[in-house]
Amino acid sequence: MSAPVLRLDSVAWKVGWTKTIISDIDLAFRAGQLSALIGPSGCGKTTVLKCLLTLLRPSTGKASWDGSDLWPQRRQWRARVGYVPQDDVVHTALTVRQALTYAARLRLDAGTEAAAIDKRVESIARLLGLDERLKLRIARLSGGQRKRVNIGVELVADPDILVLDEPASGLDPATEGDLVHLLKGLAAAGRLVVMTTHSMEYLDECHKVVLLMKGRVVFSGSAPEMLAHFSAPHPAEVFRVLRTADADDWASRWRGSPLSARAAA
Ligand SMILES: Nc1ncnc2c1ncn2[C@@H]1O[C@H](COP(=O)(O)OP(=O)(O)OP(=O)(O)O)[C@@H](O)[C@H]1O
Ligand SMILES: [Mg+2]
């Protein structure tokens, strides 16, 4: 049996009647894979994630999981998916242990014993390199450590779908590498993991890279395929090449490419 697929088909999202933020979005994300959404600031990455999360209802088209429309089942869907937003949401007066413990109590089965919760909290803290920070208030943490607490709060419930908006922002390169490997490991265990990122460093670790420009998909495939598509020697060059034409040109060039039909399948 093939892995379940989270899809966006012909999705557009508009503000009012006239302002189109994203359009013609056809994308498929698969369980067992780590996918990255990239593109210049304001290109619509967070908006695409919010459509996947049913936090936004597409103006046209639909988001679906394993073939069924997500909008009618959005309550269950939102409870099922782990979401780490771009801005930190964890209360900074709590200690790391409190934040992770409260999240675990809220999300694990009501009958879960305190000792099992402690064990879970400690293993997540270890996984995220926060085990020596458990007693500290979140206000005292560095930006990167705080980001990892936000990720931990979602990981305690062990969701099978994990959506992260710029999880690597504020992390040093080594910690970012650790985080990408962690996310890749979660995907390898069968979860579906989608993140946005501004960093081009670890795209080779992702099964799928989706490049957006002005609300349009201009590429979706592996990092090496992206370099070939844009005739770029390395990922950072792709953004320079993008500036040589407008989003409509790149989007129609993508639609005309043989990779495009395969990517949306
Ligand atoms: N509710 C809204 N009303 C009006 N415009 C909006 C709304 N939400 C998003 N936008 C606009 O849509 C565009 C895409 O926003 P989005 O947050 O998806 O970009 P992004 O790719 O995540 O950017 P960044 O990399 O800076 O996080 C931006 O120009 C933003 O101002
Ligand atoms: Mg964003």
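How many residues of strand β8 (residues 192-196) are buried? Five of the five are, so β8 is largely enclosed by the rest of the structure. Buried here means 20 or more other C-beta atoms within 10 Å of a residue's own, with C-beta atoms placed from the backbone.

## About the model

This is a predicted model: local features need pLDDT of at least 70, side-chain atom pairs count only at pLDDT 80 or more, and totals for chains, interfaces and linings use all residues. Residues are numbered from 1 along each chain as its sequence is written, while chains are lettered from A and ligands numbered from 1 in the order in which they are written.

## Around β8

Strands are DSSP runs of E, at least two residues long, and helices are runs of H or I, at least four, numbered from the N terminus. Leu192, Val194 and Thr196 point one way from β8, Val193 and Met195 the other.

Two strands pair if DSSP finds at least two bridges between them. β8 pairs in the parallel sense with β3 (residues 34-38) over four bridges, and Leu37 sits opposite Thr196. With β7 (residues 161-165), β8 makes a parallel pairing over five bridges.

Leaving aside neighbours within four places in sequence, Leu52 is in contact (C-beta atoms, placed from the backbone, within 7 Å) with Leu6, Leu8, Ala63, Val163 and Val194. Leu8 also stands opposite Ala63 in β4.

Terms used. Contact = placed C-beta atoms within 7 Å. Buried ≥ 20, exposed ≤ 12 C-beta atoms within 10 Å, placed from the backbone.
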